[in-house]
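Hi,

Here is the structure I promised to pass on. Have a look at it first, and my notes follow below.

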Amino acid sequence: MNVGVLGGTFNPIHIAHLRLAEEMREALSLERVLLVPAGDPPLKRSGIAAANHRLEMVKRASASNPALEVCDLELRRAGPSYSVDTLSELRARRPDQQLFFLVGADTLRDLESWREPARLFTLAHFAVATRPVHAQPLRELLPAGLARAFRDGPRGLVHESGYELRAIPFTALAISASDVRRRVACGASIRYLVPDEVIEYIGKHHLYREKEDG
């Protein structure tokens, strides 16, 4: 079984997250995509809704798609949420499955700021969502210190561990969670930016009513 792993703060989950999961599922022939809300993201600590709210919004947004599975692993683990710990635990739980860590191009550029970035490529394949037009070569997206561990392969780059790094063209949708939160705080519509079930939940629980600094 090929399984995708899409982590994020999901603050809140929106249409671009769901479209990314769907396009990756199709392009990589994934039987399942795990949506993994971050419990305590070390690089994003302000303006984050409580974990139980973010988890419930992810559940509601994905309920109609049997290929999407919500994974609360990071929410149940104490302390900051590090992707290397998540992938390590998923690898131990799913030894017979091929894991694909799904990320955006910007994430790849910032990997050196993550915990144990080199180890990430020993735990799963990486699939990078790229714009169909004017996409940068994968090697240029990698920090120099990590790029040396890769060689060219038939479908992208291959890490010395044997795991692949592949570019997957993605339909660019100019939707961000920060913009959704700003709109809610201003009383503006977020219809067609997030699923209706999430809009209802945000309203019911009065989330994101406070305007963020900046």
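To begin with the surface: the chain exposes about 11,000 Å², and carbon and sulfur atoms supply 47% of that (areas are Shrake-Rupley with a 1.4 Å probe, and for residues only the protein chains shown count as cover).

Some housekeeping before the rest. This is a predicted model, so to speak of local features we need pLDDT of at least 70, while side-chain atom pairs count only at pLDDT 80 or more and totals for chains, interfaces and linings use all residues. Numbering runs from 1 along each chain as its sequence is written, and side-chain values use heavy atoms, with hydrogens and water left out.

**The whole chain**

There are 10 helices and 8 strands (DSSP runs numbered from the N terminus: H or I of at least four residues for helices, E of at least two for strands). The radius of gyration is 17 Å, close to the 17 Å that the globule rule gives for 214 residues, so the chain is as compact as a globular protein of that length (taken over C-alpha atoms; the rule is 2.2 Å times the number of residues to the power 0.38). Along its principal axes, the C-alpha trace spans about 50 × 40 × 30 Å.

Of the 214 residues, 47% count as buried (under 20% relative accessible area; exposed is over 50%, partly exposed in between, with a 1.4 Å probe and protein chains only). Take the contacts (heavy atoms within 4.5 Å) between residues at least 6 apart in sequence: 72% of them join residues at least 24 apart.

Helix α1 covers residues 15–28, and its 14 residues should span 20 Å at 1.5 Å a residue, which agrees with the 20 Å between its end C-alpha atoms (the expected span is 1.5 Å times one less than the number of residues). Its buried residues are A16, H17, L18, L20, A21, E23, M24 and L28. After α1 comes S29, with a positive phi near 55 degrees.

R19, also in α1, is partly exposed at 37% relative accessible area. Leaving aside neighbours within four places in sequence, R19 touches F170 and L173. F170 is 151 residues away from R19 in sequence, yet their C-alpha atoms are 8.7 Å apart.

H14 sits in the loop between β1 (2–8) and α1, and is buried, with a relative accessible area of 4%.

Cheers
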